[in-house]
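Dear colleague,

Please find below the structure that I am handing over to you. My notes on its salt bridges and its nonpolar core follow.

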Amino acid sequence: MFGRLLDWSRRHPGAVDALWLVPFAVVSVTNGWYIASLADSGTRSVPWPGVVTGPWAILVFGLMVSVPLLWLRRCPIGVFAAVSLGSFLQWLAGVAPLAFNMSVLIAMYAVAARRLLRWAVAAGLVAELGLALSFGQIVTYPDFVSWASSSVFVVAIWIAGIYANTRRRYLLSLEERAVRAEYERDQQVRLAAAAERTRIARELHDVVAHNVSVIIVQADGAGYAIDSDPEQAREAMRAISDTGRQALAEMRRMVGVLR
C-alpha cells in the first residue's frame, strides 16, 4: 500500500503539493482573517500599529504570500521572490507577521533544497532581513533576544534545506554511477559476445575450408582412378563421404553454440 502511494506521489508531484499547500493556505489565511475581525470589532486590541487592519486587507496579504506556493516545485526562486515581496509589502502596510508568513520559510527551504548554494545563501539572508524588519516594527526598541531566538529557527530550516540538497545530489550521483556501471557491464558483455562470435566464425571457416578442400582433392582423385583403379576410386568416395559427415557434424556443433 505504501509502495503504491509512493509511486503515485512520484507520478503526481503537483497533486502532492496541493494536498498540503491548500490546507496550509486555508488555515493560515483563516487565522489572519479571524484575528483581524476581532481587532476590527474591538474585541481584541490590534497587535500592530499599521495603517491596514481590516480583515479584507489581511485576506489579500494572506493570498499574496500563500498562493505562489502552488508553483514552488517548478520555480522555487521565483516563488520565494514573490512571497518575500508580498511579505515586504505587508511590512510596509504595518501588518505584523501572521501564520501565513511561514510561507517565506517554506519557500526558503525549497530554494536551499533544490538550487545552488549561492541561491540558498541569498534566500537565507533575505529571510533574516525580513525577520529583523518584523521585530523592529513590533516593538519600539530593537528586540535582539527575540530576533536571535527566532533566527535559530530560521537557520535550522535553512540548514535542513542544505542537507536535503546535499543528500539529493549524493543520491543522484549514486544513481548515475549505477547507470554508468550497468552500461559498462552491458558493453563488456556485448564485446565479449562479439569476440566469441568472431572466434567461432573463424573456427567454422577453418573447418569448412579444410573439409571442403579434402573433399575436392578426393573427388579429383576418384575421377582420375575410376577407370584404371576402381578400388582406389571407391576408397576416395568413402573418404569424401566420411569427410562430408564430419564437416556436417562440426557445422551443427558450432551452429548450436551460436544459438
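A salt bridge is a side-chain nitrogen of Lys or Arg within 4 Å of a carboxyl oxygen of Asp or Glu. This is a predicted model, in which local features need pLDDT of at least 70 and side-chain atom pairs count only at pLDDT 80 or more, while totals for chains, interfaces and linings use all residues. Residues are numbered from 1 along each chain as its sequence is written, and side-chain values use heavy atoms, with hydrogens and water left out.

By the salt-bridge rule, the count is two. One joins Arg185 to Glu182, at 4.0 Å from N to O. Both residues lie in helix H7, three residues apart, or about one turn of the helix; helices here are DSSP runs of H or I with at least four residues, numbered from the N terminus. Arg185 also forms a salt bridge with Asp186, where the closest N and O atoms are 3.4 Å apart.

The largest nonpolar core has 26 residues, and Leu69, Leu72, Phe80 and Met108 touch the most other members. Such a core is a set of buried Ala, Val, Leu, Ile, Met, Phe, Trp, Tyr and Cys residues joined through side-chain atoms within 4.5 Å, where buried means under 20% relative accessible area (1.4 Å probe, protein chains only). Helices H3 (55-66), H4 (76-92), H5 (102-114), H6 (117-138) and H7 (144-228) each give two or more residues to this core. H5 gives the most, with seven residues.

Yours sincerely

Terms used:
Buried means under 20% relative accessible area, exposed over 50%, partly exposed in between (1.4 Å probe, protein chains only).
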